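Visitor: I would like to learn how to read the features of a model like this one. Where do we begin?
Guide: With the structure on screen, one feature at a time.

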Amino acid sequence: MVLETVSSSKAGTIRSLLIRAWRERWSDLQWGIHIKTVLPRAVSGDIYHLADYILQQALMGPLPNSLILSYLRHSLSSQIVSYGGVIESISNYDGLHKPHCVQSLLELMKSMMKSVSCRGKPEDCLVLATALVNGVKWLIQVMGWTTQQLLDLRKAPEHTTNLSLAVSVLQDILDCQFLTCMLEIGRREEPSVWSVSLKKMTEVETLLAGAGSVIENKDGYIKTLCQLRDHQPLESVGRKHRFDSSSVPLCYAMHSIIMLEVNQHTTRDAATFAQQLLLLQRLQGLNTTELYFEILRCSFIGLSSPEYQSYQELKWVGFTFIKVPVILQTIHVAVAGESATGESEDLLAAIKRLAQLNNLLDQVDLQINCNCMEFLLNELCNKTSLLLERDAQAIIATRLQESNVLANIQKNDAQGSHPGNPSLILRAQPPVSNILKTLSNKNQDSALPVMTLLVSGKSRDLLLAAAAAAGNLHVFAQKVVKFNELSMEPQPGETPKMAISRAQMFDISFLLLCHIVQIYGIDVVVSEKCETFIEQWMRDNMPELGKVKAPLISSHTDQSAVEDFVRQVNITDIDMKYNMVRWNDVCQMAGAALKEVVTASQHGALPIQQVKELLDRLRYHLCCLPICAAAWLCSHVQVVDGEQAALPFSLLQYLQTSLGDHDSSTPTLENFKDRSSLLVLIVENMLQVTKGGIHSSANNSGSFSGTNGKEVNMAMETNAPFLLSSQEPLSHLLRSTWQQIFPTGILSHRALSTFQDLLRLGGTRWFVSDLVQCGMQIVFTSDLNRAVDLIYGLLHLDVVGCTLSFLIHALPLYMTGPNKGDLLCGPRTYALSRLTVMMIISAWLAVQQPSVVKSEPGTTSSTMIGGTINSRKRTYHDRELEEMEANLQLHSGELAIPRGTPGLSRDGTSLLVAVESLLKLMTQVSRAGVVSPVSQLVVNILHELIGAPYSHTLLTLTPPALLPNLVPLLSEPDSFTYAQLLAITSPKALNTFDGTKEFAGDLIDAQTPAQAAGARRAAAKLLCVQRNLALSAVSSLDVAS
């Protein structure tokens, strides 16, 4: 509403009519009849400042004219003037020295508060919001004036009444959610007016605080002002979900997330995972005690799992006893604040609950052969301040009394005999620090003994596991990369002894880096810049699950260089064998030479036995050279047909079965046995990854600590090759695996490996659609909640890619596709909406931290969607994600967010486009104006999104037409509150919860100033529509009664 300039004739007519009405003592009905003859048809009196003229005539004297004020009340009730116009007129009154006139205005405002609304255009509704801000400012002015008068006069009943009335009106505003939401819109529209109001509040609080006994109930008045200043209506829209530990035996989502963290993101920073757990806490409705308890219980469930191999056991031990205390400390600081010190009562309560799970603790103690609770509590006491020593000792003593197995373990003195005993990995932490210090300098003479110790295998895996759990493995790997680079080229004046030491350093560092890559993933070794030879070799040659690498397919081989290489390998004089050699050239030539030899053998020009003898000579020369040869063989067998792959496969088999034999007459470097043993493990893993069936960190890890090749191969052959050789459709395999884990809700290592293979082979679109369809076949609420938690955890295999596929492909099938019939079951609709919002928020958090996500071997990193795939051939999964991401980027120009906005990555833009696409689809399906399961799904998604954390930027993408289609259709309990409507139409970033650091996504403004202004108008209009519906319902009930 815009006030127009009133013509002198129209103003004179209104004034004359008021004087005539007062002289003739018209009733309010007569006034209403006559004023309508003056005003044009369907035109509000606000245009002609009718409320101003009436108040001007009514308040001319020291006492108000009640007859003329009745005309204003009648004009208001008959909608001749609006509530906004009347409040604006009252706020312009400056005759505060007339206490009786002020009292009449306060009484008028108080009577209006119960029915304040607007039925006009969005602009008129916005005027009501700004009028409320001005009205609050006027009320505060009244409070300040009356307080000052009371302080001067000591006793003035009329001022006491006005002060009480002003506070009462403010309290009525605070008690009405519609008014507080409209006030919030007015604050944003008129920030300068609200700033003046805040200053006046401070002045009034100061006056009231110094009033002494002059003003009764001054503390209540001050409290009202504080509530008004600090009130945030959007704080009431928080998530209402509460985790019911009495009916839910386990937080299944927590277990799945921790399972993925241990197996797929072992080297990830503890603080990053703590933020993910804090988000899960909010999504699941866990309190702090329950959060601590679920973290500890899921860790012990993982320790007790009978399906993992020995290296996975080290991962679980390192996570539980090294990483979990850091995670708990990080969460405690986030919840209690950085200044918080001392013990945590919530953690103590969680540990006491864990100590009551005797069956679980006994199973873990038997598995690892020690008192695991004692080790964990000692770490919490020594490494953090969260637990007091006396509390820990009391819990340990109780555990010793109640345990059925600890007495036998201590009696047999078996502690420390198990390779997964926590004491071993905990004792490995100081050596890790010492090794890092030793490797910090460039002295190869001091570093070589340390590297030799690591390659021996006695403590290698323990040290690597300790470094990974502590978050130091990436630093360790980069230091090894540095020494590999330093030992690559000869130095001026190099002696034979120096050349031998340099060759040893290059060989050992190469083997160690290959071993680390196979266990913890290529990202641990290969940095973003990828500047060194070993990093480039790993990227281009090292076999990775799901990637085909063929670096030598199109390259031309220099025959003279190959001959020189073979001649160098055949040298028997060890002093000349390694002199002035560039090892990067030798590694490159190893694959090229084998290519020529294999080609000659396939054409019958060279016996196979001579090829095997060449492999043996490569091994004796340096153990890294057979790895280079095996890398070429692995790439070669993936790009040729079955007949041509027979010879390379037989050579790979020979590499992993015959390298253990050592011919003592052949000269070689020191520690050959240890180096060749590690070589065998690396080649075995390369062969299994080439077969495309298993994940080196999950199913093949037994080879890293075991020595029995048969057992290793049997473990490999029973798992993933089944996926590639099976004639059964992938959908059947997915459903059968789902049926195995769903009854208990616990994700096993083998099931995790199978799901990972299915995602890689089938792509995100198929994987997400089929997985969601499995969950939507369930009927009962408790089972659906368990299914949602499991699906939520499994989709974290690639949280961003799976979320995009879910929003673009899977979810529309339930809105406009053939799966709409599944929504006829009410609990399914709620479960699907909950899964939708949980995935959106989790992906939104993930894209804010793309640089810290490290993937283990065989996993799919969410950050690869917008990145570059380095392999020559890409999997279907990779191609599908790239195509989907490219299509989403084409629509990124429709967003109001400029490219390059701080905190917004390429993946973040794709996610925002996908969310916007979903909201547009929700608008489209709700236009029918019919209550249906689909509209119920739309409403549930909005309810969940409103209450979700970090949803500010996402809510700004809501189309303006979505809510007007829904609001008239809804009734309790599905109807939206005023705060929820405000949160959707005009969202605002709230202060971060429980003291955590500011979320970068909330700083991204998805609206231009013009769009934000339009959103405020739409929000005001929608709130008024909801208010009018509520008032109509109340009046209908009054009429019916």
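Visitor: Is Arg-582 buried, partly exposed or exposed?
Guide: Keep in mind that this is a predicted model. Arg-582 has a relative accessible area of 35%, so it is partly exposed. Its salt-bridge partner is Asp-585, with the closest N and O atoms 3.0 Å apart. Asp-585 has 38% relative accessibility, so it also counts as partly exposed.

Visitor: What lets such side chains pair?
Guide: Side chains of opposite charge can pair when their charged atoms come close. The count for this model is 24 salt bridges.

Visitor: Which side chain meets Arg-760 in a salt bridge?
Guide: That of Asp-757, at 3.2 Å from N to O. Both residues lie in helix α38, residues 749-775. They are three residues apart, about one turn of the helix.

Visitor: Are Arg-760 and Asp-757 buried or exposed?
Guide: Buried means under 20% relative accessible area. Arg-760 is at 11%, so it counts as buried. Asp-757 is at 1%, so it is buried too.

Visitor: Which pair links distant parts of the chain?
Guide: Look at Arg-834 and Asp-789, whose side chains form a salt bridge of 3.2 Å, N to O. Arg-834 sits in helix α41 (residues 826-846), and Asp-789 in helix α39 (residues 781-794). They are 45 residues apart. Arg-834 is buried because its relative accessible area is 8%. Asp-789, at 4%, is therefore buried as well.

Visitor: Now the nonpolar side. How many residues are in the largest nonpolar core?
Guide: First the general idea. In soluble globular proteins, nonpolar side chains tend to be buried together. Here the largest nonpolar core has 342 residues. Those with the most contacts inside it include Trp-138, Phe-510 and Trp-738.

Visitor: What is Phe-510 in contact with, leaving aside neighbours within four places in sequence?
Guide: Its contacts include Phe-533, Ile-534, Trp-537 and Met-538. Cys-587, Cys-624 and Cys-628 are also among them, and so is Asn-484.

Terms used: Residues are numbered from 1 along each chain as its sequence is written. This is a predicted model: local features need pLDDT of at least 70, side-chain atom pairs count only at pLDDT 80 or more; totals for chains, interfaces and linings use all residues. Side-chain values use heavy atoms; hydrogens and water are left out. A nonpolar core is a set of buried Ala, Val, Leu, Ile, Met, Phe, Trp, Tyr and Cys residues joined through side-chain atoms within 4.5 Å. Buried means under 20% relative accessible area, exposed over 50%, partly exposed in between (1.4 Å probe, protein chains only). Contact means heavy atoms within 4.5 Å. A salt bridge is a side-chain nitrogen of Lys or Arg within 4 Å of a carboxyl oxygen of Asp or Glu. Helices (H or I, at least four residues) and strands (E, at least two) are DSSP runs, numbered from the N terminus.
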